[in-house]
Each structure stands twice: as structure tokens, then as C-alpha cells.
Amino acid sequence: MEKFYQLWKKFGKNFEEGGRWQKLSSFYDAFDTFLFTPQTTSGRVGAQIHAGNDSKRTMILVVMALVPALLFGMFNVGYQHLLATGELVKGAMTCALWWKAFGFGFLAVLPLILVSYIVGLGIEFCVAQVKHEEVAEGFLVTGFIIPLIVPINTPLWMVAVATAFAVIFAKEIYGGTGYNIFNVALIARAFLFFAYPSQMTGDHAFIREGGTWGWDSGKTLVDGFSGATPLGDLATATDASLIPVDFWTAFNGLIPGSVGETCGWAILLGACLLICTGVASWKTMLSILATAGVTAALFNAFGPDTAVANYPWYMHLVSGGLLFGAVFMATDPVTSARTECGKWIYGALIGFLVIVIRVLNPGFPEGMMLAILFGNAFAPLIDWCVVRRNINKRMKRA
């Protein structure tokens, strides 16, 4: 490894000022910081704080936390496909069918990931080169999340357009990583939702059709099977008890939905890693879930006589993208509240809004996307109010 490192550094001299490829220095720097720990220091005099953490390691930890949700999501894509084609009957899973389901889901999800990274990182590299800046690692997480929050049948060209729109207009136009106001992955999802609504909803938006990857061609969907998400069915139902999904089925993730949003235990595994490493705030997560549960319970008791208002509060927590959003997107350190008290308020705002949107606006049965984006807009104001309150309290004591 030491010899490879010396050869790499020798090769890197071509990208330094006066080198043959100095105009491509951002590209070399991006790969250098990804492969090796930076050797630069902030100075040789004065007090210094030494820490092993940087943005690259933080982003990689988040990606690691997302892996359980991704792997289960791949399996669930294939599982829903086998159910839809009639090849699998619930409760009759065999080892061969398990591997077939996972293989089908892997081949379905992989192109989404590749398109997201190729388009997003391509723009990041180009912008960094034009601005003569380092390539930030922020898109490592964004590029991973985008495929997890879109329907599996989203055309690849739509993913490419949405990713480009989000990176340019929700990130680079504000100054790049650390300056964006809204969560970049959610902006990509919002762009798709409002620009191509027919592709984002419907009975088969979350079921990969047979024959797309050369498997099971010619098979048709079984009679009576719906590929819509439980929340999608709930928005048009007259009685919540008619939704054939119980808590443990929803928590285990064997339901139609976006790739990474269905499995509660896989998301909680990622949450444990983020909390233990200090990457994400447990206060924001807990505040969202607690407030959402209380708000849903209030609608259960005093809300209108509709199916979604009568949907049990605990089912709201494991339905749709609420849990995934609370763990991986609302806790984004750039777009969320940063003061400790502000994290509670920020989380409570999102938890309250997601239930209100679900119950009072059937046109948006999910609600989490809009709730987080609304919370992102108010996060700076929340922090400002908290800071001013602390300053005023200290001035009174003085």
C-alpha cells in the first residue's frame, strides 16, 4: 500500500500548479481525499484540536446506515413482483424464490443508483472544476437516497432529470455543500412528484412489471392485486379497517412502497448507527415520531369521520416515508435546526405537519416530503429564535 501511495502522489504532481493537467486538479483531489486520509494540517503553531472525523467519514457513515434499508428494499421489489405475477403465494417463500426475488430487485434498483451517481457526481465534478474548488462529499449520501425514495418504475431519464435539477437548483445555485436550504434528495422527489404525477402514483408505480429484466416475460398480474401503497389505498377508502395491512407487516416492510422506505427494522438499524456515532440527532427523530403519534391519536379521537383520520396512530408511524424521513432526511445537518432546543421544535413541526397533510389533504396521502421541506424553510428561523431567547435570558441574569 505504501508503494501505491508513493506512486499516486508522484502521479498527482501532474495536477499541481504548473503541471500538465493542472486544470483538472479538482478531479485528482476528489479521488485523493476519497482513497487516502488528507495529510495537510492547519498550522504548526498555536493550540490545535486533533480529530479523526471529517465530512468524508460522516457521509460514509450515513451510507453505511442506509445499506440495511437498501438491501431489504431490493428484496421487497422482487417479492412484490413475484406476488404480482402469481408465482409466489404469501407464506410460501422458499430459498430459491428468496434469491430470485433479491436478484430481480437488485437488477431493478441498480440502474437507479448508477444514474443518480453518474448525473449528480458529474455535475459536482464539473462545477468544482469551473470554480477551482475541491469536490465536496455531500452527494455520496444524496445520490444514495434518491433511488430509495422514488417508485421503482420511475423511468431512468426522469431520475436523471430530477437529479440534475436538484443538484443545480437546490444545491449549487446556493453555493454548494453546506449552503443549501432544502434537502437535495427531497427536492429531486418533489420535482418528480409535481412534474410527472402520473408516474409517481397509481396501482403499479411500486411494482416492477414482469419481463422488464428478461424474467417471467408474458405473465400478467393476478386478479385483485393492487400495487398501490397502503396510504394510497387509504386516501380513497371509506373505512380504515378495510386496509389489509397490520402493524407487523408494515414494520417488516413486505408492502408496496419506495425502495428504502418500507422496512421499519432496517431503518431503525441505520438510526442506531447514526445516533451512536453522533452523526444524527436522536432529539429530532424522537420529536418527529412522538408528535406525529400524538397528532394522529388526536385525529383518531376528535377528527373527521374519514378512513385516514381513523387510521390508528401507530400505523401512521410505520406507513409511507415517515420513519425513513425522520431518520435520514429530517436530520440532515445542513438543512435541519442546529440548536438543541431548536431540534425539538423542528421535529415537532414536521411530525405535526405530516399527519395534518395526510388527514386533511387526500391529494397528498404521503405528507412527509412536504413536511420536511416546510421544516427546512423554518429551521433557520427556529434557530434564530432560540439563540435570541438564550441571549435575552443571559442579559437579564447579568
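Biologist: Which residue meets R358 in a salt bridge?

Modeller: This is a predicted model, in which local features need pLDDT of at least 70 and side-chain atom pairs count only at pLDDT 80 or more, while totals for chains, interfaces and linings use all residues. Residues are numbered from 1 along each chain as its sequence is written, and side-chain values use heavy atoms, with hydrogens and water left out. A salt bridge is a side-chain nitrogen of Lys or Arg within 4 Å of a carboxyl oxygen of Asp or Glu. At 3.3 Å from N to O, the partner of R358 is E366.

Biologist: Is R358 buried or exposed?

Modeller: Buried means under 20% relative accessible area, exposed over 50%, and partly exposed in between, with a 1.4 Å probe and protein chains only. E366 is partly exposed because its relative accessible area is 26%. R358 has a relative accessible area of 2%, so R358 is buried.

Biologist: How many salt bridges does the structure hold?

Modeller: Side chains of opposite charge can pair when their charged atoms come close. One case here is a network of salt bridges that links K283, E340 and K343. For the structure, the count is 5.

Biologist: Where do K171 and E124 lie, the two residues whose salt bridge ties together parts of the chain?

Modeller: The closest N and O atoms of K171 and E124 are 2.4 Å apart. The pair joins parts that are 47 residues apart in sequence, because K171 lies in the loop between α6 and α7 (184–195) and E124 in helix α4. Helices (H or I, at least four residues) and strands (E, at least two) are DSSP runs, numbered from the N terminus. K171 counts as buried because its relative accessibility is 4%, and E124 likewise at 5%. The locations asked for are thus the α6–α7 loop for K171 and, for E124, helix α4.

Biologist: Which residue forms a salt bridge with E87?

Modeller: E87 is in the loop between α3 and α4, and its partner, 13 residues apart, is in helix α4. E87 counts as partly exposed because its relative accessibility is 27%. With the closest N and O atoms 3.1 Å apart, the partner is K100.

Biologist: Which residues touch the most other members of the largest nonpolar core?

Modeller: A nonpolar core is a set of buried Ala, Val, Leu, Ile, Met, Phe, Trp, Tyr and Cys residues joined through side-chain atoms within 4.5 Å. The largest one has 102 residues, and its largest share, 14 residues, comes from helix α3 (residues 55–85). Contact means heavy atoms within 4.5 Å, and F324 touches L66, I145 and L148, among others. The residues asked for are L66 and F324.

Biologist: In which helix is I357 found, and is I357 buried or exposed?

Modeller: I357 touches F364, G367, L370 and A371, not counting residues up to four places away in sequence. The C-alpha atoms of I357 and L370, 13 residues apart along the chain, are separated by 8.4 Å. I357 is found in helix α15 (residues 340–360), and because its relative accessibility is 16%, I357 counts as buried.

Biologist: How many helices and strands does the protein chain have?

Modeller: Buried residues make up 49% of the 398 residues in the chain. Among contacts between residues at least 6 apart in sequence, 73% join residues at least 24 apart. The secondary structure comes to 16 helices and 0 strands.
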